[in-house]
Amino acid sequence: QLNHLPEHIRAKVHNHPCYSEEAHHYYARMHVAVAPACNIQCHYCNRKYDCANESRPGVVSELLTPAQAIKKTLAVAATIPQMTVLGIAGPGDPLANPERTFATFRALSEQAPDIKLCVSTNGLALPECVDELAKHNIDHVTITINCIDPEIGAQIYPWIFWKNRRIRGIKAAEILIEQQQKGLEMLTARGILVKVNSVMIPGINDVHLAEVSKVVKAKGAFLHNVMPLIAEAEHGTFYGIMGQRGPTASELKALQDSCEGDMNMMRHCRQCRADAVGLLGEDRGSEFTLDKIEAME
Ligand code: CLF
Ligand code: SF4
């Protein structure tokens, strides 16, 4: 999968379990849930649960302070030597919690410089954070981009919180899309690797995502991860309550296949929890809860 990539990209992804399909058999990642707030609303999200852009909807992660997150990361790194990547992916949007997110990254880049740092965001606050991301040597950023058309966006995002105001409808989607695209261009211009996640929502953005894939590739995103909408009525999301269905496995595969000619597609995503620990698909988070970490000292 990676052989056709330039050497400098291969060097950065060969031990990142999400960015390299081969690596996910051997290398582990962990997430620390330090970021509670969010600056937008997605119709597939219920704030009681983890951010559904990157993490598994319908699960609640243990919120950590940056100091607790650092302690946990160092404890996991000492126990699981294959742990190469530390990601912040929720439970809200990491860049809507810049103090908590960057305090964690800053301390880890000093105390554990071998661990790769990874972050996932809805993109609204991304352009203003690019300098700070580059400063901490963060080479892997995921942006969730579900559309590039504001009319479609208005059916996915009821509102955003922008410059101290709540903005709704097409205007909100326009601003979010503009920020995402600008952030993507700024990151790739600095050589930071960008993966784009998209949530496939049948009847809303499914056909449109092939176009999204082409546009983000043209702007330098290097991997596209189309994830299925998970909408259960009991999760209490707008889509869940409205009976919006997720795609079938064959619909998802057909879309991934149709994007594949133009773009590297990720097909091994496990829609991890915001506090996941271990190899993808093998969650050892319960071995490293806060009480256990504190007991290890
Ligand atoms: Fe975490 Fe995401 Fe970084 Fe990976 S997960 S912040 S890029 S280290 Fe990976 Fe999990 Fe899928 Fe995410 S399998 S949900 S793509
Ligand atoms: Fe929820 Fe994540 Fe969307 Fe924020 S960005 S509303 S936390 S799914």
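Gln-41 sits opposite Trp-159, a residue of strand 6. Strand 2 pairs with strand 6 (residues 159-162) through two bridges, in the antiparallel sense. Here a strand is a DSSP run of E with at least two residues, a helix is a run of H or I with at least four, and numbering starts at the N terminus. Two strands pair if DSSP finds at least two bridges between them.

The model is a predicted one, in which local features need pLDDT of at least 70 and side-chain atom pairs pLDDT 80 or more, while totals for chains, interfaces and linings use all residues. Residues are numbered from 1 along each chain as its sequence is written, chains are lettered from A and ligands numbered from 1 in the order written, and side-chain values use heavy atoms, without hydrogens and water.

Strand 8 covers residues 193-200, and eight of its eight residues are buried (under 20% relative accessible area with a 1.4 Å probe, protein chains only; exposed is over 50%, partly exposed in between). Leu-193, Lys-195, Asn-197 and Val-199 point one way from the strand, whereas Val-194, Val-196, Ser-198 and Met-200 point the other way.

Strand 5 (residues 140-144) runs parallel to strand 8 and is joined to it by five bridges; in this pairing Ile-143 stands opposite Val-196. Strand 9 (residues 223-228) is also parallel to strand 8, with six bridges between them. There, Asn-197 faces Asn-225 of strand 9.

## Salt bridges

The whole structure contains 14 salt bridges, each a side-chain nitrogen of Lys or Arg within 4 Å of a carboxyl oxygen of Asp or Glu. One of them joins Arg-106 and Glu-132, at 3.8 Å from N to O. Arg-106 belongs to helix 3 (residues 98-111) and Glu-132 to helix 4 (residues 126-135), so this pair ties together parts 26 residues apart in sequence. Arg-106 is partly exposed, at 38% relative accessible area, and Glu-132 is partly exposed at 22%.

Lys-219 and Glu-185 form another salt bridge, with their closest N and O atoms 3.1 Å apart. The pair links distant parts of the chain, 34 residues apart: Lys-219 is in the loop between helix 7 (209-218) and strand 9, and Glu-185 is in helix 6 (residues 169-189). Both are partly exposed, Lys-219 at 26% and Glu-185 at 40%.

The salt bridge between Lys-253 and Asp-257 has its closest N and O atoms 2.9 Å apart. Both residues lie in helix 9 (residues 249-260), four residues apart, or about one turn of the helix. Salt bridges with shared partners join Lys-253, Asp-257, Glu-260 and Arg-267 into one network.

## Ligand surroundings

Ligand 1 has 16 residues around it, counted when a heavy atom lies within 4 Å. Cys-18, His-31, Glu-54, Cys-118 and Cys-272 come nearest. Around ligand 2 there are 13 residues, of which Cys-38, Cys-42, Cys-45, Cys-51 and Asn-53 come nearest.

Arg-56 is placed in the loop between strand 2 and helix 2 (66-79). Its relative accessible area is 31%, so Arg-56 counts as partly exposed. Arg-56 and Arg-273 are separated by 217 residues in sequence, yet their C-alpha atoms are 4.9 Å apart.
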